[in-house]
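Good morning, colleagues. May I ask you to look at the structure on the screen while I take you through a few of its features.

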Amino acid sequence: VSTQSTGGVRCAAIKPDGTTEEHAEEARYAVESRLLNRDVEIILEGTSGNIGNSRNQNFVGTVVKPGNISLFLLKEGLAKCVDWSMKLLPETESYRAAVKSAKLAKKRLWKNWEGHISSVPKDQKEFSGKVTEVVNGEVI
């Protein structure tokens, strides 16, 4: 028996005191109904021990059969991408695309998402200029 975290995602939590974050029970049910007591194939990507407290080390991996549960959770708006564990995955574009589709459909976690709101009018987004100072690698 081992504990595994699904790589690249975080669902709402069911806390030890029994309280839950919004959509936590729904995410748990989605995973239970698809994976509990079933044979699965997992690709182990690494361990969480490289981050923070190594005493609470979990395997980080991707369930690939019966299907990628991480992608399902993201598409349904039941999870968000987590950068620290996405670094362990060989491919992340599909994860970002799944989040984007959930946001656009305003599913669950993203029900109040409004997207990027630019205060710059479209006709003023591009302009030419001269760089007079470089503060650091990302600020000119």
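I begin with a charge and a ring: the charged end of Lys80 sits over the ring of Trp110, 5.2 Å from its centre. By that term I mean that NZ of Lys or CZ of Arg is within 6 Å of the ring centre and within 35 degrees of the ring normal. Lys103 also lies over the face of Trp110, at 4.7 Å from the ring centre.

Before going further, a word on the source. This is a predicted model, in which local features need pLDDT of at least 70 and side-chain atom pairs count only at pLDDT 80 or more, while totals for chains, interfaces and linings use all residues. Residues are numbered from 1 along each chain as its sequence is written, and side-chain values use heavy atoms, with hydrogens and water left out.

Let us turn to helix α4, residues 93-104. Helices (H or I, at least four residues) and strands (E, at least two) are DSSP runs, numbered from the N terminus. The twelve residues of α4 reach 17 Å from the first C-alpha to the last, close to the 16 Å expected at 1.5 Å a residue; the expected span is 1.5 Å times one less than the number of residues.

Which residues of α4 are buried? They are Tyr95, Ala98, Val99 and Ala102. These residues cover an arc of only 95° around the axis, which puts them on the same side of α4; the arc is that of the directions from the helix axis to the C-beta atoms. Buried means under 20% relative accessible area, exposed over 50%, and partly exposed in between, with a 1.4 Å probe and protein chains only. On the other side of α4, Glu93, Lys100 and Leu104 are exposed. The cover over the buried residues of α4 includes β2, β4, α2 (69-75), β5 (79-81) and α3 (83-86). Just after α4, Lys106 takes a positive phi of about 55°.

My next residue is Thr62, found in strand β4 (residues 59-65). Thr62 counts as buried, because its relative accessibility is 6%. Its side chain is joined to that of Glu45 by a polar contact of 3.0 Å. A polar contact is a pair of N or O atoms within 3.5 Å; within protein, one must be able to donate a hydrogen and the other to accept it, and residues adjacent in sequence count only if both atoms are side-chain atoms.

Finally, Ala12 lies in the loop between β2 (9-11) and α1 (24-35). Ala12 and Lys80 are 68 residues apart in sequence and 8.8 Å apart in space, C-alpha to C-alpha.

How values were computed
Contact = heavy atoms within 4.5 Å.
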